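Me: I want to go through the labels used for this model and test each against its cut-off. Shall we take them one at a time?

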Amino acid sequence: MTCRAIYLRLEDFAMKLAGCTLFITGASRGIGKAIALKAAKDGANIVIAAKTGEPHRTLPGTIYTAAEEIEAAGGKALPCIVNVREEQQIVDAVEKAVQKFGGIDILVNNASAISLTGTLETPTKKVDLMMSANARGTYLASKICLPHLRRSNIAHILNISPPLNLNPIWFKNHCAYTISKYGMSMCVLGMAEEFRGEVAVNALWPQTAIHTSAMDMLGGAGVEQQCRKTDILADAAYCILTKPKSFTGNFVIDENLLREEGIKNFDVYAVAPGHPLLPDFFLDVDPNTLAMKMEAHVEKTHLLGASPVFREGKKIESAKHEGPDAAKHEGPDGAESAAAKPLGPVAETFKIIQGAISEDVVRSTQGVYLFELSGDEGGTWYIDLKNKAGSAGIGEPPVKVDVVMSMSSNDFVKMFSGKLKPTMAFMSGKLKIKGNMALAMKLEKMMTQFSSKL
């Protein structure tokens with residue numbers, strides 16, 4: 001029986017995880033819940049080990065709403081408040097699981113924290129969160145579950161963590177996050193050998209970005225079109241967890257595994273079939289090549305009605321056609337006035353942004369952004385979406401800056417016109433961000449309002 005058959009006609013086949021008990025961290029939403037629901041269709045017992053007991057301000061789902069969905073899908077659920085940073089909470093949840101279901105057969109280490117910030121921009125508190133939730137939390141959950149797993153005939157640990165890729169590109173922009181995720185992967189490397197023959201230990205990682213609430217927060221509006229659904233990871237996890245214990249020590253990429261299992265049509269997993277997909281972190285997919293493909297796709301499908309400057313992604317050449325002196329405007333003392341320069345694409349962009357700023361935008365954003373641009377229109381520009389009616393222009397803002405973004409002037413124009421997604425710009429190293437990442441993400445959402453005017 002292949003995973004393709006499982007995916008298409010699950011009801012026609014034996015339920016391989018029927019009666020098995022899965023302890024899944026971070027199972028109240030996203031990838032963890034998708035894996036839980038997949039197993040629940042077999043009639044599995046699911047321990048929902050997650051922090052959210054009360055509805056979150058911005059994120060959907062609690063351990064109790066997840067439990068309702070799991071039981072509706074055919075499984076049995078045990079919701080447990082678990083912060084994987086707290087050892088005793090893991091111990092208590094494992095004891096409850098053993099009392100209710102008689103043991104634990106599978107552990108899925110899914111809970112994780114993320115901050116895509118550089119070394120100087122990552123507060124120590126955030127570093128501690130990522131290290132303790134990702135690496136330490138995975139280690140602790142594994143250690144506490146292992147005595148019960150060793151008594152199981154199934155006995156699997158599955159970490160949602162990447163292959164150990166030592167390409168420096170995956171360290172330079174978010175060193176702390178990479179260390180913490182690789183800590184999860186090193187648990188696979190070590191424990192697979194330590195418990196070989198007793199417990200299978202593997203890692204699973206997506207080929208592309210997966211659409212979750214966390215991805216919405218990181219990627220901003222419209223990012224879901226560049227993602228696959230959580231179903232693809234749930235199907236890949238099912239394939240791994242139904243393999244014998246001898247399948248261990250593997251760093252599995254979801255698409256590669258499913259292709260081996262006979263899946264040919266991956267459009268069923270896409271949020272927007274046919275749209276270019278973001279590669280996930282830690283895989284050596286050339287981000288610059290992908291960025292070019294995505295720019296071409298956006299050019300074709302979204303910007304056909306835009307002005308020639310932005311539709312063609314070219315610099316305004318009017319100043320050159322008018323002669324070398326046409327760009328110079330002298331002030332009273334004979335000095336060239338920067339504010340009087342003719343409008344190049346960056347200046348035109350800021351002019352449009354200034355006209356698009358409203359009280360509602362300022363009220364909902366509350367951030368001051370500084371842009372350090374290189375290239376033909378290099379220089380310092382700002383957008384103030386925090387004070388009074390808001391403003392945008394050249395030079396340093398008169399108030400404290402919350403976010404600094406560094407990139408080329410050409411990429412800046414592409415980003416604000418919708419041709420280059422900030423997420424892809426960041427992943428490919430075209431965009432560097434310092435300061436408040438939450439405010440940086442707010443700006444991305446706001447760009448969709450601006451791009452319609454560019």
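Me: Why is Lys388 called exposed?

Reply: Its relative accessible area is 84%. Exposed means over 50%, buried under 20%, and partly exposed in between, with a 1.4 Å probe and protein chains only. Lys388, at 84%, is therefore exposed. This is a predicted model, where local features need pLDDT of at least 70 and side-chain atom pairs count only at pLDDT 80 or more, while totals for chains, interfaces and linings use all residues. Residues are numbered from 1 along each chain as its sequence is written, and side-chain values use heavy atoms, with hydrogens and water left out.

Me: Where is Lys388 found, and what is its phi?

Reply: Lys388 is in the loop between strand E9 (379–385) and strand E10 (391–394). Helices (H or I, at least four residues) and strands (E, at least two) are DSSP runs, numbered from the N terminus. The phi of Lys388 is positive, about 50 degrees, although Lys388 is not a glycine.

Me: What makes Phe282 count as buried?

Reply: Its relative accessibility is 0%, so Phe282 counts as buried. Phe282 sits in the loop between helix H10 (254–260) and helix H11 (287–301). Phe282 also has a positive phi, about 75 degrees, and is not a glycine.

Me: Why does Gly26 count as buried?

Reply: Gly26 has 17% relative accessibility, and therefore counts as buried. The loop between strand E1 (21–25) and H2 holds Gly26.

Me: Which residues is Gly26 in contact with, leaving aside its neighbours within four places in sequence?

Reply: They are Gly32, Lys33, Ala49, Ala50, Asn110 and Ala111. Contact means heavy atoms within 4.5 Å. Gly26 and Ala111 are 85 residues apart in sequence, yet their C-alpha atoms are 4.3 Å apart in space.

Me: What makes H2 roughly parallel to H3?

Reply: Helix H2 (residues 30–40) and helix H3 (residues 63–72) pack at about 25 degrees, with axes 8 Å apart. That angle makes H2 roughly parallel to H3. Angles under 35 degrees count as roughly parallel, over 145 as roughly antiparallel, 65 to 115 as roughly perpendicular and the rest as oblique. Axes are lines fitted to C-alpha atoms, for helices over the stretch in contact, and angles run from 0 to 180 degrees between N-to-C directions.

Me: Which residues of H2 and H3 meet?

Reply: Lys33, Ala36, Leu37 and Ala40 of H2 meet Ala66, Glu69 and Ile70 of H3. By class, the contact of H2 with H3 has five nonpolar, no polar and two charged residues. Here Ala, Val, Leu, Ile, Met, Phe, Trp, Tyr, Cys and Pro count as nonpolar, Asp, Glu, Lys and Arg as charged, and the others, Gly among them, as polar.

Me: Why are H2 and H9 called oblique to each other?

Reply: The axes of H2 and helix H9 (residues 231–241) come within 8 Å and cross at roughly 55 degrees. H2 and H9 are therefore oblique to each other. Ile31, Ala34, Ile35 and Lys38 of H2 make the contact with Leu233, Ala234, Asp235, Ala237 and Tyr238 of H9. Seven nonpolar, no polar and two charged residues make up the contact of H2 with H9.

Me: How do you know whether Ala234 is buried or exposed?

Reply: Ala234 has a relative accessible area of 5%, so Ala234 is buried. Ala234 lies in helix H9. Beyond its neighbours within four places in sequence, Ala234 is in contact with Ala34, Ile35 and Lys38.

Me: What makes H5 and H7 roughly parallel?

Reply: Helix H5 (residues 124–149) and helix H7 (residues 175–194) pack at about 10 degrees, with axes 8 Å apart. H5 and H7 are therefore roughly parallel to each other. The contact of H5 with H7 has eleven nonpolar, five polar and one charged residues.

Me: How do you know that the span of helix H14 agrees with what it should be?

Reply: The expected span of a helix is 1.5 Å times one less than its number of residues. H14 (residues 345–356) has twelve residues, so it should span 16 Å, and its end C-alpha atoms are 16 Å apart, which agrees. The buried residues of H14 include Phe350 and Ile353.
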